[in-house]
Amino acid sequence: MITGGWQQALEQESSLRTLQDRWFKQLVSAQPLTGGLTNQCWKVSTQCGNDYVWRPHSKSTEYFSLHRSDEYQVLQSLQNASFSPKVELLIPEGLLIEWVDGQCLNRITGCTINSVMKALSDLHQYSATSLLNAKNLKIFDYKQCINAYWLGLTGLQQSSIQKKRFDYFYTHASELYQKTLSVTPQCLCHFDLGDYNIIQTSPHHLVVIDWEYAAFSSPIIDLATTILAGQFDVKQGVHLYAQYYNIEERQWFEIVQQWIPYLRFMAMLWHQISFTLHSRQSDQDAIKLLNSQLELDGY
């Protein structure tokens, strides 16, 4: 029986109706998921009792140059991995993946940085030869990313201070990236791996979700991104990561430190665009914090 909640969901999210029309399974309910910053996702249930996550294409994904087809390719390449959800369906309106039962790490007391670093190292050590379609995966390009974000800002947001920062990071990014690649080869990276994107399905098993930013890059940059997202101490983060991945700790620490201001600037641009789209106080708070941190970094 189709519930009243399903009808309300159809009124809120028109792409759900398209999903129903193009999928062979009968949908009976949909619940909006909380916590997603990029766009609204939905938990949908079928008549046969199975649950999935509907990740629609939206105005937000367009602004951040995100494509559900890229996310689909990543999940397809990881179909043999135990730490990622299975993909169900891709249509122009969005992506449907399996629902992962468990508890999000950010809701488990005491389950933070150690578990995050374990999940990150497991991903980075997943062999590129095990990826099913590695040639189809995008490559992270810092310069291209901040340029796209910069062009998405309003005129008021493109202040002289921000322009000076943009010019510096854009000019020096290639040199730092080449230095980073000389330390370790590229691998599949998540680029949003915080405790909010990790599900504990059992005491010893973690599943990573929300792969929309994933791309090939240096694991050093992904480690720096994770440390920044969690507001972790850099030295502690690198040290704990090294417990799971055999790295030259001092060398990685130094390069992660160098990447932090670059990634802070990228995150600040992201939050500026997000604030323009959604007018959230959380974005304003993040912009203020990142600005002050960049000032302390000397930028």
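Mentor: Take helix H5 and helix H9, where H5 passes H9 in a right-handed crossing. Keep in mind that the model is predicted. Two packed helices are described by the angle between their axes and the distance between the axes. Here H5 covers residues 113-124 and H9 covers residues 234-242; their axes come within 9 Å and cross at roughly 55°.

The contact can be read residue by residue. From H5 come Ile113, Asn114, Met117, Leu120, Ser121 and His124, and they meet Gln236, Gly237, Leu240 and Tyr241 of H9. Sorted by class, the residues of this contact are five nonpolar and five polar, with no charged residue.

Helix H7 (residues 160-181) and helix H11 (residues 281-297) have axes that come within 13 Å and cross at roughly 60°. The crossing of H7 past H11 is left-handed. On the H7 side the contact uses Gln162, Arg165 and Phe169, and on the H11 side Asn291, Leu294 and Glu295. By class, this contact of H7 with H11 holds two nonpolar, two polar and two charged residues.

Next, the strands. Three of them form an open sheet in the order S6-S8-S9, and the pairing is antiparallel. Strand S6 (103-104) and strand S9 (205-208) are the edge strands, each pairing on one side only. Strand S8, residues 198-202, is joined to S9 in the antiparallel sense over four bridges.

Last, the charged side chains. Side chains of opposite charge can pair when their charged atoms come close. With a cut-off of 4 Å between a side-chain nitrogen of Lys or Arg and a carboxyl oxygen of Asp or Glu, the count comes to eleven salt bridges. One of them joins the side chains of Arg22 and Glu93, at 3.5 Å from N to O. Arg22 belongs to helix H2 (residues 15-22), while Glu93 sits in the loop between strand S4 (87-91) and strand S5 (94-98), so this pair ties together parts that are 71 residues apart in sequence.

Notes
Residues are numbered from 1 along each chain as its sequence is written. This is a predicted model: local features need pLDDT of at least 70, side-chain atom pairs count only at pLDDT 80 or more; totals for chains, interfaces and linings use all residues. Side-chain values use heavy atoms; hydrogens and water are left out. Axes are lines fitted to C-alpha atoms, for helices over the stretch in contact, and angles run from 0 to 180 degrees between N-to-C directions. Helices (H or I, at least four residues) and strands (E, at least two) are DSSP runs, numbered from the N terminus. A crossing is left-handed if the near helix is turned anticlockwise from the far one by less than a right angle, and right-handed if clockwise. Contact means heavy atoms within 4.5 Å. Ala, Val, Leu, Ile, Met, Phe, Trp, Tyr, Cys and Pro count as nonpolar, Asp, Glu, Lys and Arg as charged, and the others, Gly among them, as polar. Two strands pair if DSSP finds at least two bridges between them.
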